[in-house]
Amino acid sequence: MSAPEFDHPDVVLVPHGPMLLRGVGSVQDADGTVHPVERPVVALCRCEKSSRLPWCDGTHKVIPR
Amino acid sequence: MRLPKPRGPLSEWLVARLAGAGVTGAAPDAGSWDDECLSLWTLHELSFRGFEDGDDRAEWDPALLGVRHELETALEGRLRARWTRTDRAGAVAPHEVPAALEALVAADDGPSIADHVRRHADRDQVLELLRQRSVYHLKESDPSAFVVPRLPVRAKAALMALQFDEYGDGDPNRLHSHLFARGLEAVGLRAEYGAYVDDAMTENLEMNNAGSLFGLHRRLRGAAMGHLAAFEMTSSLPSRKMVQGLDRLGLAGPMSDYYDEHVEADAIHEHLALRDICGTLAEDEPDQAGEILFGAWTCLDVEARFATAFLSGSEVA
Ligand code: FES
Ligand SMILES: [Fe+2]
Ligand SMILES: [Fe+2]
């Protein structure tokens, strides 16, 4: 177990939070606009309350569950 | 950057010594908390970018390392005493670290500077805030960079993903400290590294010293990563308020671009820091679990102390 193979999923669902995507080149939002991605990881909003869809802006933390 | 203006006998001795003014003999005691904080800030800076009018060899000068050690011991003692006085400092199991971090952040009741900026602050108060914040934002993420070689595999990979974004994803124009420098310039402030250290409030110096202390000591790697997590977890929503306040005051442009970038980036970074960095570090090195929480709580505490001092100086209740 000194040099294990680690889990490293490309898509991670954060409990009550966004969907993390690793290593993607672009994302098309619900309006059909394509957003290029420069970051190694992005967070896609799942609560639909973000002020900057398709990205999460942390708003999910202040909506009551 | 040039050497700072001394604030008492210790920083006077230190600055003269760094300037090569032929100072010998033992360092005098600090004359005040302010003198102490500026002295440690100056000694730490030798390991970041240094001083154009100071001797670069001073970073590893044994006599100065002795002074630094004393100041760091006092600071760490102060920070740990504050932490153990809270009722949150009990033992935590490694797998509970992410939830415990979330609970710490949720319980944070420090005053919010961003709320003040969003609704009430006038232009002068915001410019003063930006001068204060420049002490850190012009070296943003640099303290955490020292921690990379000191981490186990999973935490190391995750910290690099986070830092790559902080450092502009390979594009110098998007480096966060550079975005802040461009913002300073756009609002008519000085943008060069260390420009406003002489104006830094004592609480601000202590806040910076805590981050540098954690980053520079391998022993404190857990505290450094907890500090990073708390910072990232309390950035996205306040950054949005900063954007709204800057817009309200007609300061939109490169400075609000800096905060705007943090709305999006830190909504990602907080998850990397919480689970992939702190969560895996605690699993791989269980003795770091409590240290991670100590670092996180300290990050919130020093910001609350700075915010309290800043807002009382701005005459707001
Ligand atoms: S999931 Fe974060 S704002 Fe919607
Ligand atoms: Fe940043
Ligand atoms: Fe960040």
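Colleague: How large is the area that domain 1 and domain 2 of chain B bury between them, and what makes it a buried area?

Modeller: In this predicted model, domain 1 of chain B and domain 2 of chain B bury about 2100 Å² between them, 65% of it on carbon and sulfur atoms. It is called buried because it is accessible area that two parts lose on being put together, summed over both.

Colleague: Which residues of domain 1 lose the most area to domain 2 of chain B?

Modeller: They are W41(B), F48(B) and L79(B), which together account for 33% of what that side buries.

Colleague: Why is the pair K139(B) and E45(B) called a salt bridge?

Modeller: The closest N and O atoms of K139(B) and E45(B) are 2.7 Å apart. The rule asks for a Lys or Arg side-chain nitrogen within 4 Å of a carboxyl oxygen of Asp or Glu, so the pair qualifies.

Colleague: What makes R39(A) and E264(B) a salt bridge?

Modeller: Their side chains meet at 3.2 Å, N to O. Between chain B and chain A the rule finds 8 salt bridges.

Colleague: Which helix gives the most to the side of chain B that touches chain A?

Modeller: That helix is α13(B), with 12 residues. By class, the side of chain B that touches chain A has 10 nonpolar, 2 polar and 11 charged residues.

Key:
Residues numbered from 1 in each chain as written. Chains lettered and ligands numbered in written order. Predicted model: local features only at pLDDT ≥ 70, side-chain atom pairs only at ≥ 80, totals over all residues. Heavy atoms only, no water. Helix = DSSP H or I, 4+ residues; strand = E, 2+ residues; numbered from the N terminus. Nonpolar A, V, L, I, M, F, W, Y, C, P; charged D, E, K, R; others polar. Buried area = accessible area lost by both parts, 1.4 Å probe.
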